[in-house]
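Please open the model in your viewer and keep the sequence panel beside it. The stops below are meant to be selected one after another.

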Amino acid sequence: MKEKRTLMLPGPTPIPASARRAGADEIIGHREAECDELIEEVTEGLKYVFQTTNDVLILTCSGTGGLEASIANTLSEGDKVLSLCTGAFGERYATIAERYGVEVDRIDFEWGTAVDPEVVEEKLAAEDYEAILMTHNETSTGVINHPQPIGELAEKYNALLLVDAVSSLGGIELKTDEWGADVVVTSSQKALMTPPGLCLVSVSDKALAATEDSDLPAFYWDFNRAKDRYDRDSQTPSTPALSVLYVLREVLQEIKEEGLENVFNRHKVVAKAIREAMRAIGLEPFVDDEIASKTVSAIKLPEEVEFSALSSKLKEDYNVYVTGSKGHLKGKVFRIGHLGNVSRTDALSTVSAIEMVLKEEGYDVELGTGLEAAQKVFEEERK
Ligand SMILES: Cc1ncc(COP(=O)(O)O)c(C=O)c1O
């Protein structure tokens, strides 16, 4: 018998059983009233999770498609944007803008640190920018960048704030309207616990107004086509990923029932348990507690352990999936995803499996040390 798969990746993430079953429902016509209802329910559920009254558009693609759409709809060739890069995904957002002929000024923060609003303000005070691009949760380093101070700066300097929330939305608080985020992009396969295939994008009035001036080409990605169609008959301009929408509808109901505050708290506690467990076995988290992500933890690898050995043994012997790192962190840091439908017992079994594989690889660890540290976090939480 193969042991249960424990998917501890920063996406795709495990899907709750009832939602998985919803995905097996029979296909309906995408121009039928039943589909209008489906899309309306999903849109309303998304507004709750995005904490917005803005339009939330449903695009059939993964997160990158939505990032591309955020550029193609709101900017023009030659516009200047300020890109806040704290890792691989921040760099990718900047690269997308460059591909569209947008002039990108990058602020490169050291990997493992967060965006410093003071540095951002210096740039904004010195030059005019149409937009600021930021990554809410930098998945490659496990760092949270707080959108609120950047939203205040965007307002002060009259720039749009475009936020990549692909690995955060639904797992880490993001108050879209209150914090002034004009475009927020996420995708289905992360904290929204749904299969890959949908990208969800909130668009403020300021961002919609910017679409009027944009001269970049967009058809499939056109926000106004999506908005107009939804406003007309609650449909999408092209055939949506219906089965993925069935799952998402179910998940959004579950999130509503649990309550956003509880969802965020659950992520916080699991993140803390994982970090404490790694510390207890002598592995240092890559980033400081104050800026540590609640959806993915980056952990430094001990010198004597190869990432390939750790990951393949976790997979083959325990059916536990973790991932490596990108860029210059490759081979030095590994990442444990804990977002969406990841339970305390998933965290505990992952910690146990890591201890066992590390020991087998010659790392000096007393079995149960990390497990106990994680248990204490959960015990504390129940008091
Ligand atoms: C922060 C962030 N942005 C963008 C992406 C790309 O998303 P997708 O693979 O859905 O296109 C990811 C994927 O992990 C991500 O974590």
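The tour begins with the whole chain and then moves to single residues.

This is a predicted model, in which local features need pLDDT of at least 70 and side-chain atom pairs count only at pLDDT 80 or more, while totals for chains, interfaces and linings use all residues. Residues are numbered from 1 along each chain as its sequence is written, and side-chain values use heavy atoms, with hydrogens and water left out.

**The whole chain.** Show the chain as a cartoon, and 13 helices and 13 strands can be followed; helices (H or I, at least four residues) and strands (E, at least two) are DSSP runs, numbered from the N terminus. The C-alpha trace spans about 60 × 55 × 40 Å along its principal axes. Of the 383 residues, 58% count as buried, where buried means under 20% relative accessible area with a 1.4 Å probe, protein chains only. Among contacts (heavy atoms within 4.5 Å) between residues at least 6 apart in sequence, 73% join residues at least 24 apart.

**Arginine 335.** Select strand 13, residues 333-337, which contains arginine 335. UniProt lists Arg335 under "binding site" in an unreviewed entry, and such annotations may be inferred rather than shown by experiment. Arginine 335 is buried, at a relative accessible area of 5%. Once its neighbours within four places in sequence are set aside, its contacts include Met8, Pro10, Thr139, Ser140 and Val296.

**Valine 296.** Beyond its neighbours within four places in sequence, valine 296 touches residues including Pro10, Thr139, Arg335 and His338. Leucine 339 is 43 residues away from valine 296 in sequence, yet their C-alpha atoms are 7.2 Å apart.

**Proline 12.** Go to the loop between strand 1 (6-7) and helix 1 (17-22), where proline 12 lies. The peptide bond leading from glycine 11 into proline 12 is cis, with omega near -5°.

Select methionine 193 in the loop between strand 9 (183-187) and strand 10 (199-203); its phi is near 55°, a positive value in a residue other than glycine, and methionine 193 is buried at 7% relative accessible area. Finish at asparagine 319, in the loop between helix 11 (307-318) and strand 12 (320-321). Asparagine 319 has a positive phi of about 55° although it is not a glycine, and asparagine 319 is buried, with a relative accessible area of 7%.

Conventions: Buried means under 20% relative accessible area, exposed over 50%, partly exposed in between (1.4 Å probe, protein chains only).
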